[in-house]
Amino acid sequence: MGSNTTEAHPIIANRMKKAVKAGLKIIVIDPRKIDMVKVAHRHLQINVGSDIALINAFIRVILKEGLYNPEFIKKFTVDFDRLTKQVEPYTPEYAATITGLKAEDIVATAREYASSSGSMIAYTLGITEHHCGVNNVFDIANLALLTGNIGKQGTGIMPLRGQNNVQGAGDMGCLPNQLTGAMSLANNDFRARFEKEWNVELNPNAGDTQTRTFDRLEMGELKALYVIGENPLLADVHMNHTRTLLEKLDLLIVQDIFLTETAKMADVVLPARSWGEVDGTYTNTDRRIQRVRKAVDAHPDTKEDWEILCELSTIMGYPMRYTNSEEIWDEIRKLAWEMYGGISYERLEKEYSIHYPCPDESHPGTLILHERFHQQETAVSKSSFVPVDYTEPLELPDAEYPFTLTTGRRYESYNTHTQTRHYAAGVKVKQTEETVDIHPDDAMKLGITNGEVVQVRSRRGELEVKVKVTEQVVPGLVFMSFHWSETPTNVLTLNEFDPISGTAEYKACAVAISRI
Amino acid sequence: MGETNLVKTICGYCGTGCGLVLEVEDNKIMKIRGDKEAPVNKGQTCVKGAFAYEYVHAKNRLTTPLIRKAGKLVESTWDEAYQLIANKLTEIKTTWGSNAISMFACARNTNESNFVTQKFMRAVLNSNNIDGCNRT
């Protein structure tokens, strides 16, 4: 669901395709005819943002046809009655009107998901980058719990993570509400553990998300922002607004390997070291800790990120000193021993990768989470269903802005493209500039042809971009990525956010397209 | 020509975590192939993992700290940059409180650098205003 796996996670896509040859059935749920459709058993080409209508209809079919797992639900869940009540209006026919699908395809998919020996849902930003992203995820969890598709091989929910270490960064405590090892900041015992080791008193109140940071910047409450290896000016929604906000800061520090668009606005820029120049570990999408090794010597006037922060910290009166990354890792193992205690550099050298949680050296690591669902007679703690309702995208197309723009990634490029501009010599890159991908029917109506430069505008901004005529999109829907700073797609996108996660609605806004 | 060193590492792009073998010569990455021993990819790579590594050696890499003087970013020493940051952060913390400072951490960085990043925010600045690009 909402994962263009072939382009964004090519190696995972290869494994999925290989599994198809061994009998796996893939059902693609995506508004675009993505490459994975070629090997799919079925493609549900839904309207952008209609996921909850679809999932609620799945749940209703499963309930009506008795395809759920009553024993599992009784033992391990609560609020089943609430779920039953909430999905009642979502008949396949009603969901069909919202999603644009056929009712019989919705019914068939629900039956297949519920009655197979094991079903897994893989998703990415197509699920989360909506004003209702968290509710989308809740509903996926409802579906998995209803059928007991969790905690054993070949089942579960698999969010495919976009950055090499986005899992690790959060796990390390680079989140406003949690300490290293995903320990809650609000928990007095956990906080005390860190206070003792670090010899400081910690602030017990959860901090600001990025979204909240921009809100407080707008209100004039934020004065300094320190950005490490990120290019929010180009990556965040409603770019013209982001620029105005960043200009309000008294101090913008950017630590990066390139002078990015964001770095150009900074008061201080610090030159960091890149992948290939540093040692350490990454945590991948399925919780494997793996060793990253230095391959080349960096420019002598650059420094590693942790080294910069240690030196700055020491100048500011809190001495922090480590001689290498292993010393830091050992502090992490000590503080968050429940997760990493058993994962030493020495073991990683021998075993290649270990899945956390791994509390001690004799522990093999945890390949599958939530196995408790199938091992215990009575549940220690029960999981609640969280029933949710469908809400339509916040900016729908109208007479003035008749197209829905949905954004995403392309195969050869990565995020704001600061790194993938630099391919090895001789590599032929197919897509070298941004395009607006549009259906042939729409192109014909507008009288535009493949390769022609058009103007795309939303209520927030406008840009010029080449047209790519393709049946990957349906009539009324256009697609763009945000890889090229020459075509900053995020001047168009909508600054509306999920109220819980703060994730922006990158996947849907209204635009108009015209000839120049 | 110097001798070729082989370095095993993990790809720095998406979250799949493919094992790579880097061929290094004269302090330059010459070639990358998938590591057959890697549990995730068993020798495979995608186009980014195998070929999009030249940025490491790009001529436009930042190689010195820069500070803004009279509206322009100019080269500075590490000491000067550190002192400026330390003074400004301390001043802002004293005047407005630690809640006036925020950090965006990096999801491409190692666990070790990310650990130190949040330790810096929490232990030095007493602020939990730290987040990554998890939401974008």
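The model is predicted, with local features needing pLDDT of at least 70 and side-chain atom pairs counting only at pLDDT 80 or more, while totals for chains, interfaces and linings use all residues. Residues are numbered from 1 along each chain as its sequence is written, and chains are lettered from A and ligands numbered from 1 in the order in which they are written.

Begin by selecting chains A and B, whose contact takes 111 residues from chain A and 88 residues from chain B (residues are in contact if their C-beta atoms, placed from the backbone, lie within 7 Å). On the side of chain B that touches chain A, helix α3 (residues 111–124) of chain B gives the most, with 13 residues (helices are DSSP runs of H or I with at least four residues, strands runs of E with at least two, numbered from the N terminus).

Next, select strand β10 (residues 268–271) of chain A together with strand β4 (residues 66–69) of chain B, which run antiparallel and are joined by two bridges (strands pair if DSSP finds at least two bridges between them). Within β4(B), Ile67(B) is the bridge partner of Val268(A).

Finally, select helix α3 (residues 51–64) and helix α5 (residues 80–87), both of chain A, whose axes come within 9 Å and cross at roughly 110° (axes are lines fitted to C-alpha atoms, for helices over the stretch in contact, with angles from 0 to 180 degrees between N-to-C directions). Show Asn56(A), Ile59(A), Arg60(A) and Leu63(A) in α3(A), which meet Leu83(A), Thr84(A) and Val87(A) in α5(A).

Technical notes. Two residues are in contact if their C-beta atoms, placed from the backbone, lie within 7 Å.
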